[in-house]
Each structure stands twice: as C-alpha cells, then as structure tokens.
Amino acid sequence: MYDVIVIGGGPAGLQAALTVGRMHRTVLLLDSGEYRNATVEHAHNLLTNDGRSPAELRRIGRTELAAYDTVVLRTGAVTTVAGEIGGFEVTTAQGVERAHRIVLATGMRDELPPVPGLAGQWGRRVAQCPFCHGHEFAGERIGILVDGEHGAMIERMLRPVVASAFLARPADVAAVTEVDGGLELELLRGGAERVAGVFTAATSTQRAPFAEQLGCGILPSGGVEIDPLGRTTVPGVYAGGDMAHLAVVPGPMVSLAAAIASGQLAGASAVRDAIMA
Ligand SMILES: Cc1cc2nc3c(=O)[nH]c(=O)nc-3n(C[C@H](O)[C@H](O)[C@H](O)COP(=O)(O)OP(=O)(O)OC[C@H]3O[C@@H](n4cnc5c(N)ncnc54)[C@H](O)[C@@H]3O)c2cc1C
C-alpha cells in the first residue's frame with residue numbers, strides 16, 4: 001500500500017512525485033510514456049530551461065527522483081482505477097497496486113485539423129502556443145490555420161514578433177509540405193503560400209479515462225475540475241497538468257511551468273490532507 005500513486009510521468013506527474021517523495025511518503029509513479037509534446041525538440045518559456053528538449057527535461061526529472069528512497073518509478077500503462085480514499089486500486093498489465101491517495105497527471109491528446117502534412121510537422125514547424133513557439137519565427141512570415149476569431153487573436157498576439165501572417169481556414173489548405181527549411185501551403189483555390197511555420201488549433205481530449213472512472217467532476221472544457229489546491233471533486237483524488245483546471249478559468253494554462261506548478265500543488269495537498277484526516 002503506497003501513500004500516493006501518481007499516474008503520468010510528464011512534468012506534472014514527475015513534480016507531484018518529487019513533492020511527495022521529499023516528505024518521505026511512499027509514492028509509485030506509473031508512466032505509459034505517451035507525452036503530449038513528444039515531437040518537440042526545443043521547449044521554451046520555462047525559466048532556467050528555455051530551449052531545452054522535453055525529453056531531456058523528463059530525463060533530468062527522473063534522475064532527480066532517483067535520489068529519494070520512497071519514490072518508485074515504473075513504466076507501464078494503467079488500465080483502470082477504482083476504490084475510494086484510503087483504498088484505491090490501480091490496475092496495470094503487471095497487476096494491481098494500492099494507495100491511500102491518487103494523483104492524476106495523464107495529460108491530453110491532440111487531434112490536428114485534417115490537412116495532409118500538418119500533423120507530421122507538429123511540434124516542429126507547426127505549433128499551437130504563441131508564447132512557446134512565436135519567438136522562433138521572429139521576423140519571418142507565418143501561416144495561421146485556425147477557424148474563426150481565434151486565428152485573428154493569434155495574429156494580433158504575434159504582430160510585434162513576425163514579419164507578416166497568412167490567415168486561412170484549415171479547410172482552405174490542400175496540403176502542407178516542407179521546403180527549404182520552411183513550409184509551403186498548397187491552397188485549394190490554387191496557388192501556394194511560403195511560410196516559416198504554422199500556428200493551428202488542435203482539438204484536445206483527455207488521454208486517460210481515470211477521472212471519469214472515479215466519478216470526478218469534468219468541466220465544460222473537457223478538463224477535470226480541481227480546486228485551488230489541486231483536489232478533484234472526489235476525496236483522495238488530486239489532478240495536475242494539462243488535464244485539470246479551476247472552474248473559474250476557461251481552460252488549463254497549457255505550459256510546462258503551469259504543469260509543474262499544479263503537479264506540486266497536487267502532491268503537497270495529498271501529503272497535507274493525509275495528516276489533517
Ligand atoms: C506541440 C507542443 C509544443 C509545446 N511546446 C511547449 C513549450 O515550448 N513550452 C511550454 O511551456 N509548453 C509547451 N507545450 C505544452 C506542454 O508540453 C504541456 O503543458 C505539458 O507537457 C503538460 O504536462 P503534463 O504532465 O500535464 O502532460 P504530459 O506531458 O502529456 O504527460 C502525461 C503523462 O501521462 C501518462 N499517461 C497517460 N495515460 C496513461 C496511462 N493510461 N497509464 C500510465 N500513464 C499514462 C503519459 O505517459 C505521460 O507520462 C507544448 C505542447 C505541445 C503539444
């Protein structure tokens with residue numbers, strides 16, 4: 001019986017396990033190795049680590065966790081989570097693990113608009129977040145393939161950064177091809193646009209079903225509802241990272257820094273609530 005099982009080994013889950021481990025509570029971290037930013041070579045906007053690869057960040061995180069005797073890291077997919085505070089059961093292919101409390105940090109899955117060639121550039125020359133990847137296209141022409149008002153908002157955000165922007169609906173683009181260190185957008189009406197990179201909007205859904213299995217409240221955004229201390233609506237179940245946010249904000253602040261911060265809150269609350277019980 002662990003004090004806490006953390007499901008997910010991205011930045012939120014790794015930080016939650018670090019926080020619990022530093023308090024000498026037993027914690028098992030289970031990680032299926034499917035990271036939202038798996039294709040990203042350089043992540044940005046993370047103080048002291050600006051430009052480092054996410055894979056390297058995870059490697060460093062795992063190395064840091066290895067220094068704590070009460071932390072166990074295991075690779076493998078969780079299939080179900082059941083039970084209640086004081087007696088959760090987490091099932092993997094290797095068997096059933098038990099814990100008093102659970103931290104969910106299983107992230108989100110992204111589906112890109114169905115433009116041929118777009119998904120293959122995801123995290124490289126195609127991105128979603130202007131804060132994370134806008135500066136890398138400074139002084140260049142970019143494409144913004146987003147429906148509706150959101151595309152205009154990205155354009156306004158990036159106006160001081162880039163040279164110019166080509167806005168279109170994803171449905172207007174026949175294909176995206178890499179050419180000479182940039183991208184060519186082949187247009188359905190004919191012709192083509194050359195850009196350095198593209199911003200688009202993915203449709204994001206929960207990567208794992210555990211919040212639903214446990215009966216946690218889900219917000220209209222599709223995020224798991226947490227309170228300011230990272231508690232879900234189910235006692236003993238905490239959540240952090242991209243999968244969770246407060247009801248008062250429209251969606252999660254999707255960033256490494258935010259994931260780390262919310263993972264820390266979830267882990268700390270799991271420790272603190274146990275002594276208050
Ligand atoms: C293309 C792209 C570029 C980005 N660039 C930046 C950037 O430059 N800077 C920045 O700050 N942010 C960036 N982000 C956002 C950032 O990557 C996310 O906010 C962050 O990775 C979220 O961390 P997380 O721990 O919540 O989820 P994830 O990193 O997705 O981790 C989820 C974890 O849950 C595990 N998991 C899921 N299901 C199961 C299961 N059934 N059993 C066991 N484990 C499971 C996965 O294996 C994984 O370990 C980018 C995102 C994308 C998509």
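Which residue of strand 12 is the bridge partner of Glu178? In strand 12 that partner is Leu183, where strands are DSSP runs of E with at least two residues and helices are runs of H or I with at least four, numbered from the N terminus.

This is a predicted model, in which local features need pLDDT of at least 70 and side-chain atom pairs count only at pLDDT 80 or more, while totals for chains, interfaces and linings use all residues. Residues are numbered from 1 along each chain as its sequence is written.

**The sheet**

Strand 11 and strand 12 pair in the antiparallel sense over six bridges, two strands being paired if DSSP finds at least two bridges between them. They belong to an open sheet of three strands in the order 11-12-13, with antiparallel pairing. Strand 11 (173–179) and strand 13 (192–195) are the edge strands, each pairing on one side only, and the twist from one strand to the next averages 20 degrees.

**The domains**

An automatic or database domain assignment supplies the domain bounds, and the chain is divided as the table shows, with the residues that each domain gives to the contact between them (C-beta atoms, placed from the backbone, within 7 Å).

**The ligand shell**

Around the ligand there are 41 residues, of which Gly8, Gly10, Gly107, Cys132 and Gly241 come nearest, a residue being near if its C-beta atom, placed from the backbone, lies within 6 Å. Helix 1 (11–21), strand 2 (27–31) and helix 6 (256–276) are the elements that give two or more residues to this shell. The shell divides into 21 nonpolar, 14 polar and six charged residues, and draws at least three residues from each of domain 1 and domain 2.

**Helix 1 and helix 6**

The axes of helix 1 and helix 6 come within 7 Å and cross at roughly 35 degrees, the axes being lines fitted to C-alpha atoms over the stretch in contact and the angles running from 0 to 180 degrees between N-to-C directions. Among the residues that make this contact are Pro11 and Ala12 of helix 1 and Leu256 and Ala259 of helix 6. By class, the contact has twelve nonpolar, seven polar and no charged residues.

Notes: Ala, Val, Leu, Ile, Met, Phe, Trp, Tyr, Cys and Pro count as nonpolar, Asp, Glu, Lys and Arg as charged, and the others, Gly among them, as polar. Two residues are in contact if their C-beta atoms, placed from the backbone, lie within 7 Å.
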